[in-house]
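Trainee: Could we go through how the helix packing and the nonpolar cores are assigned here?

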Amino acid sequence: MCYYIIMQVKSNSIVHIILQSLVEFAPIFLFVICFEISGFYFATRVLIAFTIILTIYTYLKEKRVPYFSLFVAATTVIFGLFTLKHHNPHILQIRDTVYDALLSITLIVSTLSNRLILKTLFGHIFKIPDALW
């Protein structure tokens, strides 16, 4: 149903952006709901599963997976699996710190090298001139 609604909305409209955001945040919403109902480790399994499903959905829909989405999916799955294997919730919690550190390093390198890395990561979402990147 949700896929049908998204396909009916023009790809550059604000409604499409809102619906796409809801789809992209679905694994996080499901994680929170499952955490409240069944606990952390079950919620982690749901987060991993729906992250993989969303990545496959994105590939089937767009015939590619944006670099940023692939990075987020990979870190979520890797840290989630390590969390389940070692039965340690801190591993998944540290994912955000590692993610933020890598993104910060990427932004510093892109600034120092005068490359438009943000355009590479987000150019499929935001259509703006190079000068604004």
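Mentor: Helices are DSSP runs of H or I with at least four residues, numbered from the N terminus, and their axes are lines fitted to C-alpha atoms over the stretch in contact, with angles from 0 to 180 degrees between N-to-C directions. This is a predicted model, in which local features need pLDDT of at least 70 and side-chain atom pairs count only at pLDDT 80 or more, while totals for chains, interfaces and linings use all residues. Residues are numbered from 1 along each chain, and side-chain values use heavy atoms, without hydrogens and water.

Trainee: Why are α5 and α6 called roughly antiparallel?

Mentor: Helix α5 (residues 67–86) and helix α6 (residues 89–113) pack at about 155°, with axes 8 Å apart; angles over 145 degrees count as roughly antiparallel, and the pair is therefore described that way.

Trainee: What makes the contact of α5 with α6?

Mentor: Contact means heavy atoms within 4.5 Å, and the residues include F68, F71 and F79 of α5 and I91, L92 and Y99 of α6. They divide into 13 nonpolar, five polar and one charged.

Trainee: Which residues make up the largest nonpolar core?

Mentor: A nonpolar core joins buried Ala, Val, Leu, Ile, Met, Phe, Trp, Tyr and Cys residues through side-chain atoms within 4.5 Å, where buried means under 20% relative accessible area (1.4 Å probe, protein chains only). The largest has ten residues, F31, C34, F40, Y41, A43, V46, L47, F79, I91 and L92, and its largest share, five residues, comes from α4. Apart from this core lies another, of five residues, among them Y99, I117, L121 and F122.

Note on methods. Helix = DSSP H or I, 4+ residues; strand = E, 2+ residues; numbered from the N terminus. Parallel < 35°, antiparallel > 145°, perpendicular 65-115°, else oblique. Nonpolar A, V, L, I, M, F, W, Y, C, P; charged D, E, K, R; others polar. Buried < 20%, exposed > 50% of the residue type's maximum accessible area, 1.4 Å probe, protein only.
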